[in-house]
Every structure is written in C-alpha cells, then in structure tokens.
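This briefing sets out the fold, the surface and the charged side-chain pairs of one protein model. Please read it alongside the sequence and the coordinates shown here.

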Amino acid sequence: MKISPVVAWLIRVVGLAVFAVAFLLPALGLDPHDDHPLMGWKCASIALSMPFSKEAGFNLDVILVSLSGWLNFFVLLYLVLCLFKRLKVVRWVFVGLCAVSMISTWAFFGRQHYTPLMGHFLWIAGAVTVILPEFFGSKQQEKTVEPLAKFR
C-alpha cells in the first residue's frame with residue numbers, strides 16, 4: 001500500500017512530536033525501587049558524552065550507550081534526507097542505523113538490568129513513527145504534465 005507524500009509527512013511530524021516529548025519524561029530507572037529516574041534529556045546527554053568521559057573507559061557498555069545516543073542524530077538526519085526524493089538508498093541506510101541504535105539501547109539495558117520507562121517507550125515509538133512511511137513508499141503521479149503541452 002502506497003501513501004501520499006502529504007500523509008507521509010504528517011506521519012513523520014507526529015512521530016517527531018512524540019520523539020521530542022519523550023525527552024521531557026522519565027526514561028530510565030536505574031533501580032526497580034528508584035524514586036529518581038533519569039529524564040529523557042539526561043539520558044541523551046549522558047549517551048552523547050559517554051565516549052568522552054575518562055571515568056567510563058572503553059568497554060562494550062560505552063559502545064552500546066554511544067550507539068543508542070546516536071539515534072537522535074540518525075532520526076534528524078533521516079528527516080533531512082526525506083526532503084530529497086532521489087536519496088532513497090541513503091534513507092534506508094539511516095533506517096538501518098536507527099535499528100542498530102535501538103538494539104544497542106536494549107542490549108545495554110539488559111546488561112545493566114535497567115528499567116525502561118515511559119519516556120524511553122515514547123522515544124522509540126516516535127523514532128519508529130518517523131521512519132514508518134519509508135516502508136510504504138509514496139504514490140507517484142501517473143502522468144507528468146509539461147507546462148506548455150496544451151499549446152502544441
């Protein structure tokens with residue numbers, strides 16, 4: 001089923017709104033009994049700064065957290081690429097990178113036994129909604145009309 005470009009952009013805008021709201025909500029519980037979960041924006045700042053932290057060192061968890069933080073950039077770059085119809089292959093690369101980022105997030109949570117909260121689920125749902133139209137394609141005009149065709 002193909003969707004119109006207008007519907008595709010409406011879906012992406014809704015996804016971006018959900019994605020943005022997620023940064024304002026509790027996203028990660030470090031302990032099941034923790035009364036002070038990390039907010040989405042704090043998770044993003046930790047994920048982006050983790051590779052540059054001297055205390056963190058370099059291990060699998062740092063790689064997983066870093067990859068998860070890159071989801072934010074991948075989604076935004078994907079949206080920019082959507083402005084150019086000819087970059088479909090590049091957009092699919094970014095869809096794959098988004099999937100890798102999501103999987104690395106869940107792998108990190110599993111390794112550390114962290115609890116994802118509402119902000120995390122909305123973050124993922126927003127990202128998936130943004131890239132969802134890529135799976136449906138868009139309707140192409142059946143016939144292109146030349147501006148001066150009626151004068152021939």
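The protein exposes about 9,900 Å², of which carbon and sulfur atoms supply 71%; accessible areas come from the Shrake-Rupley method with a 1.4 Å probe, and for residues only the protein chains shown count as cover. The model is predicted: local features need pLDDT of at least 70, side-chain atom pairs count only at pLDDT 80 or more, and totals for chains, interfaces and linings use all residues. Residues are numbered from 1 along each chain as its sequence is written, and side-chain values use heavy atoms, with hydrogens and water left out.

**Overall fold**

- The protein contains six helices and three strands; helices (H or I, at least four residues) and strands (E, at least two) are DSSP runs, numbered from the N terminus.
- Along the sequence, these elements follow the pattern α-β-β-α-α-α-α-β-α.
- Of the 152 residues of the protein, 34% count as buried, where buried means under 20% relative accessible area, exposed over 50%, and partly exposed in between (1.4 Å probe, protein chains only).
- Among contacts between residues at least 6 apart in sequence, 65% join residues at least 24 apart; a contact means heavy atoms within 4.5 Å.

**Strand pairing**

- Strand β1 (residues 26-29) and strand β2 (residues 38-39) run antiparallel and are joined by two bridges; two strands pair if DSSP finds at least two bridges between them.
- Within this pairing, L28 stands opposite L38 in β2.
- Two bridges also join β1 to strand β3 (residues 115-116), again in antiparallel orientation.
- Here G29 stands opposite T115 in β3.

- R12 forms a salt bridge with E134, and the closest N and O atoms are 4.0 Å apart.
- This pair links distant parts of the chain, with R12 in helix α1 (residues 5-22) and E134 in the segment after α6 (118-131), 122 residues apart.
- R12 counts as buried at 8% relative accessibility, and E134 is buried with a relative accessible area of 5%.
- E134 also forms a salt bridge with R91, for which the closest N and O atoms are 2.9 Å apart.
- That pair too links distant parts of the chain: E134 lies in the segment after α6 and R91 in helix α5, 43 residues apart.
- Through shared partners, these salt bridges join R12, R91 and E134 into one network.

- R91 is found in helix α5 (residues 88-112).
- Is R91 buried or exposed? R91 counts as buried because its relative accessible area is 9%.
- The side chain of R91 reaches the backbone oxygen of F84 at 2.9 Å.
- With neighbours within four places in sequence left aside, R91 is in contact with Y78, L81, C82, F84, K85 and E134.

**The pair of D61 and R111**

- The side chains of R111 and D61 meet in a salt bridge at 2.7 Å, N to O.
- The pair links distant parts of the chain: R111 is in helix α5 and D61 in helix α3 (residues 60-69), 50 residues apart.
- The two partners fall into separate accessibility classes: R111 is partly exposed, with a relative accessible area of 45%, whereas D61 is buried, with a relative accessible area of 15%.
- The side chain of D61 makes a polar contact with the side chain of Q112 at 2.6 Å; a polar contact is a pair of N or O atoms within 3.5 Å, and within protein one must be able to donate a hydrogen and the other to accept it, while residues adjacent in sequence count only if both atoms are side-chain atoms.
- Beyond its neighbours within four places in sequence, D61 is in contact with F108, R111 and Q112.
- D61 and A107 are 46 residues apart in sequence and 8.9 Å apart in space, C-alpha to C-alpha.

**Nonpolar surface patch**

- M1, W92, L132, F135 and F136 form a nonpolar patch on the surface, with about 530 Å² of accessible area together.
- Patches are made of residues with over 30% relative accessible area and no salt bridge; like charges are joined within 9 Å, and nonpolar side chains (Val, Leu, Ile, Met, Phe, Trp, Tyr) within 5 Å.
- One of the patch residues, F136, is found in the segment after α6 and counts as partly exposed at 33% relative accessibility.
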